[in-house]
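Student: I am new to this structure. Please show me how to read its features.

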Amino acid sequence: MLQVLLVAVQLIMLLSLSPFIVGLIRKVKARLQCRRGASVLQPYADLAKLFRKEPVISSTTSWIFTAAPYIVFASTVAAGLLMPVFVSRSPLNFAGNIIALVYLLALGTFFMILAGLDAGSAFGGMGSSREAIVATLAEPAMMLSILAIALTAGSTNLSTIVHKSALLEGVVLAPPAHLMALAALFIVTLAETGRVPVDNPATHLELTMIHEAMVLEYSGRYLALMEWAAGIKLLVFLTLIVNVFAPWGIATSLTPSSVALGVVVYLLKVSGLAVVIGVIESMFAKLRLFRVPELLGAAFILSLLALVFFYTLRG
Amino acid sequence: MTTLLTVLLACYLFGGLAPLCLPRRSNLQNLLAHGCAAAGGVVGLALGVVGLLAADPLTGSLSSNIPYLVFALRLDALAAFFVLTISLVGLAASIYALGYMAEFSGRLSLAAIGSLLNGFLLSMTLVVLADNGFFFLILWEMMSLLSYALVVTEYEQPGVREAGLFYLIMTHVGTAFIILTFLILFQETGSFSFEGFRHPDQRLPEGLRSLAFFTALVGFGAKAGIVPLHVWLPYAHPAAPSHVSALMSGVMIKTAVYALIRVYFDFLGGQFPWWWGFTILVVGSVSALLGVMYALMEHDLKSLLAFHSVENIGIILLGIGAGMIFHTYGLHELAALGLLAGLYHTINHAAFKALLFMGAGSVLFVTHTRNIEEYGGLLRRMPWTGACFLIGAWSIAALPPTNGFVSEWLVFQSLFLSFQLPTLFLKLMLPIAAAMLALTGALALACFAKAFGMSFLAQPRSTHARHAREVPMSMRIGMGLLAGACVLLGLAPMLVVPLLDRITGSLTGVAIGAKVLALDGWVVAPVTVEFSSISMPVLAALLVGVGLLGLLLARMIGKPLRMRYYKTWGCGLNLTPRMEYTATGFVQPIKRVFGTIYRPTVKLETEFLEQSKYFIKHQRFEFHIEPLFEKYLYKPVVAFLLAMADRLRIIQAGSLHLYLAYIFVTLVLLLLWAV
């Protein structure tokens, strides 16, 4: 029963926190650009409004177009449920490990690409095509960086990784390997969640966008689900980074005090990382599409080095 | 079991011979041939299950007058698994063929095609059952020749005969190497029986064993389509009728996987050097990556699928290769895991690849073109075919919760467990192979997003596609059967793993089934649940549950759903299919990023109006990618052979006397040598 409750709390947390994170990043960017910016709570209002709007659907589309938002939403949230958020032992730990998480997110990407193609406009196709190459190049780097982490914990199950490193009080066995894997995963995060310098979530200029182009034809509740899923995906990656690389303070037991502490610490860490992303988005310009492979190639090399360091430093 | 085997033989033989005896009643011929083949499939499924569950292998043999040739059959767990796989696809393909044959009705003899199909199924089934090297070779050759005959079914079409010839040559080069393998084994044991080959006290010298490893790899690799021996696949598979393509790509190339496992683990299985497994691993990752990369650039739907067979054989070999490496170092449980992953992917690939080929066949059936660029919008016109193709694409892209995901996950796990190996080199190489596999998986996703998206979504790009209609019922049943198999194999690893465990258990000596399945089979966990686990039923339930939650949220937050349909915004213009993204455009970034491998050449010719160069009269765009292996490996070999033949031609003067002189000289020389 307690386990079910935990899953429910985690679900509500993912759903409710993700718009806040999106709003927070926007706020940070606005402040850095000397604007006041919209409220941090604006994305909630946006979602609510979109849910109430009457959707306009392209008459050339098939059922894929209307099914895709639900599948994208489902796969992203399911991926989020597999990982530990504020309690190191996620109840759904057994259901899937880190590879399952990566592939669940890929499922969302697949249907998003299909949806982009379905409306039949050139913009959607362009977005889909670009998303395909970015996702393709991000995946090997992600796999290797995750493996480097998994090796230090001796497991590919996220809960085990987080639980073990939390109990070690954050002691890591090979700091260089860890740092490199962190850098690689961070670059992958920027690429997978459509952030500057890979994609610009704020632009609606057709030639530069990837994610926005794919969902261009969506409106109403379908757009709301897509946007929400994108926010959750960002939160999933941020949670992954903070919990795997800095699991300090996460609740390792289910006592009320440690859970409360876990929630507070988690909120602080995720918000902190969101601020970092906001700062980075303000500091860098978006890369040309064909520069992105170099960035992701660097992430791949970093994660490979992390692996080499892991083995050589342990002797 | 013997009864089942007899019935199986009877079904296929009757299905092979009876239609030929019927007079010109093509409907009846069709029904008889494919009905028998389907019955054979059902019996084969039963035989496979019984064989997998049986405690001891079933054997039977008939001796012959020819020395060393014994018609020996042996149904052990490994053979039974492949019988099961072949029969599953055979059953679906036969049902599918009932409707698909309309394509050939009146043009070609349905009796001949149906009878060849029965023979092909029979020879494939017997190949995995054969228990004698000599007999195996005969059946192998039968399988190759019958499939050749099926490839050239539409011999009058351009390119088909060339494809057939190419296939015939490649498969015979392969057969030559297989003969070599068996001769090496024969030399030491003095018998062609498999029992002799696998004799434990057989002690081949190390060098000869390695030679046998290599010849088997080349010989069976040519059939499996590993890089660089894969070049015939994209020609031969698309040329055959679609249900035959499904069989060739889905199961025929698997007989090579069977034979490789048989030779490496059964015959030479005691102990082998680490570089055997490593070679398989390298071959596997290169095949996987190059297969999918070339598939991406392919716009002929069936060629695209053929290249994906190269990819998936690579993935299977990654599992087997990892298993072989673990086997070398005595990590038998991990060896069993790698092998199990490879075998799981084998049956999965058989199911979804055959499904996809049938889907492609259905599209071909109504549009009469294989070019993806001429499809579009088919999902609205062919909902059943579209849904089946989507399930196939979902599975082959290894996305949860389908079967492709389970087996790829297992391959990943066996590669990740490399940290238990003693050498740093292999510790690093296996994760790199895993990264290659990740890249392969991502590219496969892109490729099937292209294949499905361009074929079934958006607006039709040609009149063929605009007038498409759903295919006949029997074709839908054939596809539905395999789609169901894909879902079942994905959601129920608890049914599949114990069966596979009987095979890996007998080959590696340890049973891991009980260990791999934790929590009453709800979880697949290669080591422990703490270490790594997935639960397919739970993942599926999670996806459905959250999807329903999304629906519920939309209903709760939103107003009652009222949708408005309107045309897609086209910047103020009316959107036509010509404005859609094309398959070529879709893969353009990938082509550019991996330019070193593709070496693309682009040609753009523009003709301007005389008045001004700002107005274009005519524009022509061409792009090609360089087929590396054909250009740098096969062309030089062919050129060399032709040049040599040219030189040797002088001895062939056309004079009988001269030929008699040759024979005489040879005889004298041989006699001298003998003395």
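Tutor: Start with two helices of chain B: the axes of α6 (residues 160-189) and α8 (residues 206-224) come within 7 Å and cross at roughly 155 degrees. This is a predicted model, where local features need pLDDT of at least 70, side-chain atom pairs count only at pLDDT 80 or more, and totals for chains, interfaces and linings use all residues. Residues are numbered from 1 along each chain as its sequence is written, chains are lettered from A and ligands numbered from 1 in the order in which they are written, and side-chain values use heavy atoms, without hydrogens and water.

Student: How are such helices and axes defined?

Tutor: Two packed helices are described by the angle between their axes and the distance between the axes. Helices (H or I, at least four residues) and strands (E, at least two) are DSSP runs, numbered from the N terminus. Axes are lines fitted to C-alpha atoms, for helices over the stretch in contact, and angles run from 0 to 180 degrees between N-to-C directions.

Student: Is α6(B) roughly parallel or roughly antiparallel to α8(B)?

Tutor: The angle makes α6(B) roughly antiparallel to α8(B). Angles under 35 degrees count as roughly parallel, over 145 as roughly antiparallel, 65 to 115 as roughly perpendicular and the rest as oblique. The crossing of α6(B) and α8(B) is left-handed. That term means that the near helix is turned anticlockwise from the far one by less than a right angle; clockwise is right-handed.

Student: Which residues of α6(B) and α8(B) meet?

Tutor: Contact means heavy atoms within 4.5 Å. Among those in α6(B) are Y167(B), F177(B) and I184(B); α8(B) brings residues including L208(B), T215(B) and K223(B). By class, this contact has 13 nonpolar, six polar and one charged residues. Ala, Val, Leu, Ile, Met, Phe, Trp, Tyr, Cys and Pro count as nonpolar, Asp, Glu, Lys and Arg as charged, and the others, Gly among them, as polar.

Student: At what angle do α8(B) and α11(B) cross?

Tutor: The axes of α8(B) and α11(B) (residues 274-297) cross at roughly 15 degrees and come within 11 Å. The two helices are therefore roughly parallel. Their crossing is right-handed. R209(B), S210(B), F213(B) and L217(B) in α8(B) meet W275(B), W276(B), T279(B), I280(B) and V283(B) in α11(B).

Student: How do α1(A) and α10(A) pack?

Tutor: In chain A, α1 (residues 2-32) and α10 (residues 256-283) pack at about 40 degrees, with axes 8 Å apart. That makes α1(A) oblique to α10(A). The crossing is right-handed.

Student: How do I read the contact between the chains?

Tutor: The size of an interface is often given as the accessible area lost when the parts come together. Here the area buried between chain B and chain A is about 7300 Å², and carbon and sulfur atoms give 74% of it. Buried area is the accessible area (1.4 Å probe) that two parts lose on being put together, summed over both. In contact are 84 residues of chain B and 83 residues of chain A.

Student: How many salt bridges cross that interface?

Tutor: The rule (a side-chain nitrogen of Lys or Arg within 4 Å of a carboxyl oxygen of Asp or Glu) finds two between chain B and chain A. E54(A) forms a salt bridge with R564(B), the closest N and O atoms being 3.0 Å apart.
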